Amino acid sequence: EYIDLHFIDGADALIARKHLDGRRYADRIIDVHGNTLVPFQYTHIDPLSGHKGYLTVEDPSTYLQGLLGPDFSLVVPTKYYTVDVLSEEDGYYAVADPGKAGTASDSLWNMFRKGEKWGVLDRNGREIFPCVYDSIRYLKDGYFAVQQGADTGVMNSQGQMVLPMEYAGISRHRDTFIATKYKSEEYSADDIFLIYGTDNLVQDVKAIYHKKFDEALKVYNEN
């Protein structure tokens with residue numbers, strides 16, 4: 001009946017593939033007794049690399065991707081060029097504009113594909129923000145570093161811009177995040193570090209001038 005069967009890592013279930021005609025195939029998920037868990041409604045069902053229990057699925061009509069969660073429920077609809085998980089614990093998913101394509105170079109922290117635009121959905125399918133950013137990284141506690149061109153800012157889970165798109169980058173040091181600006185006509189400091197924790201993101205921002213990273217972190221912790 002099937003041309004391929006393989007177990008899903010960590011589950012008592014298998015992905016079963018059958019040939020329809022020509023180059024058309026269909027996948028479904030069955031348990032070890034052969035009972036259907038997900039019917040033949042997708043062209044492909046594939047494990048998502050790096051995220052145990054998550055499966056990408058492909059719509060047979062549009063060839064766009066969605067995402068199944070560990071319980072095999074659809075957590076991201078089949079409306080996107082590609083999908084990935086930003087945070088399993090907090091339930092945030094990166095989705096790419098179906099109208100864009102490019103060369104993949106993605107990871108948990110930095111979802112980026114040349115030419116694509118990225119957005120974010122939560123575990124309820126709510127759009128946090130649309131597919132307009134070149135790069136998205138999940139920071140912590142519902143905050144995201146978003147990039148357009150050379151500019152990086154921070155959005156929260158309500159879709160609000162809490163740090164403007166004017167930073168050279170956002171980096172992480174343990175539970176602290178550092179937003180940096182390069183030297184420009186507007187800023188005379190050789191290095192400017194805006195150091196903040198995520199408990200009180202905006203109010204906790206402190207500007208520290210002419211400090212290297214360790215010195216800047218020490219000043220931040222003392223204040």
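Guide: Let's walk through the ring pairs here, one step at a time. This is a predicted model, in which local features need pLDDT of at least 70, side-chain atom pairs count only at pLDDT 80 or more, and totals for chains, interfaces and linings use all residues. Residues are numbered from 1 along each chain as its sequence is written, and side-chain values use heavy atoms, leaving out hydrogens and water.

Visitor: How is a pair of aromatic rings described?

Guide: By the distance of the centres and the angle of the planes. Rings of Phe, Tyr and Trp (its six-membered ring) pair if their centres lie within 6.5 Å; planes under 30 degrees apart are stacked, over 60 edge-to-face, and the rest tilted.

Visitor: How many aromatic pairs does the structure hold?

Guide: It holds 7. Take Tyr 92 and Phe 144: their ring centres are 5.1 Å apart and their planes stand at 85 degrees, so this pair is edge-to-face.

Visitor: Which parts does the pair of Tyr 92 and Phe 144 tie together?

Guide: Tyr 92 belongs to strand S10 (residues 92–96) and Phe 144 to strand S15 (residues 143–148), so parts 52 residues apart in sequence are tied together. Strands here are DSSP runs (E, at least two residues), numbered from the N terminus.

Visitor: Is Phe 144 buried or exposed?

Guide: Phe 144 is buried, at 0% relative accessibility. Buried means under 20% relative accessible area, exposed over 50%, and partly exposed in between (1.4 Å probe, protein chains only). Tyr 92 is buried too, at 11%.

Visitor: Which residues form one aromatic cluster?

Guide: Tyr 92, Phe 129, Tyr 133, Tyr 138 and Phe 144 do.

Notes: Helices (H or I, at least four residues) and strands (E, at least two) are DSSP runs, numbered from the N terminus.
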